[in-house]
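I opened my notebook and went looking for charged side chains and the partners they keep. Here is what I wrote down as I went.

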Amino acid sequence: MTEQATMHIGEVAARTDLSLRSLRHWEEVGLLRPSGRTDGGFRLYTEDDVDKILVIRRMKPLGFSIEEMKAVMADIELLDAAEPTPGEREAARERLGAVGEDAAARRERLVSQLAMADEFIGLLEARRG
């Protein structure tokens with residue numbers, strides 16, 4: 001891994017529009033791991049960590065469970081690893097493809113719910129005159 005600049009949790013929270021509590025919780029449940037710690041024990045994150053956090057942040061509104069998110073993150077890390085075997089790489093790609101299809105289906109359900117919400121708001125506005 002090439003040397004990357006590091007940042008503290010506050011900067012990461014601001015950049016990702018997440019709370020410190022969320023980032024700490026994700027670490028506690030094993031979803032996220034900071035790249036390092038200072039001598040004083042403060043978390044240190046890299047740009048790669050921020051990229052991973054943004055993946056998690058984008059999965060959350062689609063209703064993926066912590067376990068599902070962990071599996072996706074493990075596959076992403078496997079694909080980013082220096083030397084996965086061709087079999088490991090292909091299996092990870094297939095799993096991520098299946099998650100992508102699942103995410104697309106979840107998105108379609110959200111689009112449908114949003115359309116119903118818009119219709120409901122329109123009905124209420126029409127009734128108010």
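Where is the place of D49? I found D49 in helix 3, which covers residues 47-59. I noted at the start that this is a predicted model.

**Entry 1: D49**

I looked for a salt bridge and found none: D49 is buried, and the nearest side chain of opposite charge, K52, is 4.7 Å away. I then checked what else the D49 side chain reaches, and it was the backbone nitrogen of T46, at 2.8 Å. Leaving out residues up to four places away in sequence, I listed R33, P34, S35 and L44 as the residues D49 touches.

**Entry 2: salt bridges**

How many salt bridges are there by this rule? My count came to 11, and I looked up a few of them.

One joins E47 and R15, with N to O at 2.6 Å. This pair links distant parts of the chain, with E47 in helix 3 and R15 in helix 1 (residues 9-16), 32 residues apart. I read E47 as partly exposed at 35% relative accessible area, and R15 as partly exposed at 42%.

Next I turned to R33, already on my list of residues touching D49. R33 forms a salt bridge with E77, and the closest N and O atoms are 3.7 Å apart. R33 lies in the loop between helix 2 (20-28) and strand 2 (36-37), while E77 is in helix 4, so the pair ties together parts 44 residues apart in sequence. R33 counts as exposed at 61% relative accessibility, whereas E77 counts as partly exposed at 31%.

I also noted a network of salt bridges that links E27, R37 and R43.

**Entry 3: helix 5**

I moved on to helix 5 (residues 86-128), which has 43 residues. From its first C-alpha to its last it reaches 62 Å, close to the 63 Å expected at 1.5 Å a residue.

Which residues of helix 5 are buried? I found A92, A103 and R106, and the buried residues of this helix pack against helix 4 (66-80).

R106 is buried at 12% relative accessible area, while E68 counts as partly exposed at 32%.

Note on methods
Residues are numbered from 1 along each chain as its sequence is written. This is a predicted model: local features need pLDDT of at least 70, side-chain atom pairs count only at pLDDT 80 or more; totals for chains, interfaces and linings use all residues. Side-chain values use heavy atoms; hydrogens and water are left out. Helices (H or I, at least four residues) and strands (E, at least two) are DSSP runs, numbered from the N terminus. Buried means under 20% relative accessible area, exposed over 50%, partly exposed in between (1.4 Å probe, protein chains only). Lys and Arg count as positive and Asp and Glu as negative; His and the chain ends are not counted. A salt bridge is a side-chain nitrogen of Lys or Arg within 4 Å of a carboxyl oxygen of Asp or Glu. A polar contact is a pair of N or O atoms within 3.5 Å; within protein, one must be able to donate a hydrogen and the other to accept it, and residues adjacent in sequence count only if both atoms are side-chain atoms. Contact means heavy atoms within 4.5 Å. The expected span of a helix is 1.5 Å times one less than its number of residues.
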